[in-house]
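Subject: Structure handover

Hello,

Here is the structure for your files. My notes on its salt bridges and backbone follow below.

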Amino acid sequence: MEGVSAAGCRNIDEVCVTVTKDWDVFIPNAFTPNGDVNNESFAPVGYGIDKIQLQIFDRWGHLIFKGEGQSVGWDGTNKGKLCEQGVYIYKAEITAMSGEKRYKTGHVTLLGKTK
């Protein structure tokens with residue numbers, strides 16, 4: 001690549017771009033859907049991700065949320081109502097842009113309004 005300044009000075013530089021199949025995902029363990037705009041949804045985040053399939057279950061094993069997309073998150077509701085404060089189970093299938101898949105399961109705590 002060559003650049004020329006307003007004074008006519010020339011400079012040449014070379015740029016090397018390396019493409020890797022590196023990717024990663026972070027899954028939080030708590031969120032607070034209380035309307036204060038901080039931590040309003042539970043969502044796996046990362047880089048190099050092509051698609052996420054996310055399922056949320058209550059303590060009795062009932063499926064209460066299912067979503068899919070490049071960025072998907074649960075807002076803490078079920079059938080239009082905010083769920084009770086407590087621990088919920090998640091199951092996530094994360095697909096990287098390279099096609100590699102990771103399966104994650106765990107717990108997420110929904111924290112309600114504090115007084």
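K51 is partly exposed, with 28% relative accessible area (buried is under 20%, exposed is over 50%, and partly exposed lies in between, with a 1.4 Å probe and protein chains only). Its salt-bridge partner is E68, with N and O 3.6 Å apart; a salt bridge here is a side-chain nitrogen of Lys or Arg within 4 Å of a carboxyl oxygen of Asp or Glu. K51 sits in strand β6 (residues 49–57) and E68 in strand β7 (residues 63–69), so the bridge ties together parts 17 residues apart in sequence. Strands (E, at least two residues) and helices (H or I, at least four) are DSSP runs, numbered from the N terminus. E68 is exposed, at 51% relative accessible area.

Before the rest, two points on the source. This is a predicted model, in which local features need pLDDT of at least 70 and side-chain atom pairs count only at pLDDT 80 or more, while totals for chains, interfaces and linings use all residues. Residues are numbered from 1 along each chain as its sequence is written, and side-chain values use heavy atoms, leaving out hydrogens and water.

The structure holds four salt bridges, and two further ones are described here.

- D24 and R102: the closest N and O atoms are 3.3 Å apart. This pair links distant parts of the chain, as D24 is in strand β3 (residues 24–26) and R102 in strand β11 (residues 101–110), 78 residues apart. D24 is partly exposed, with a relative accessible area of 35%, and R102 is also partly exposed, with 25%.
- E93 and K101: their side chains meet in a salt bridge at 3.2 Å, N to O. E93 is buried, with a relative accessible area of 17%, whereas K101 is partly exposed, with 42%.

The backbone has two residues to look at. Most residues other than glycine have a negative phi. V37 has a positive phi, near 70°, and is not a glycine. N39 is likewise not a glycine, and its phi is positive at about 55°. Where are they? V37 lies in the loop between β4 (30–31) and β5 (45–47), and N39 is placed in the loop between β4 and β5 as well. Are their side chains buried or exposed? V37 counts as exposed at 70% relative accessibility, and N39 is exposed with a relative accessible area of 53%.

Regards
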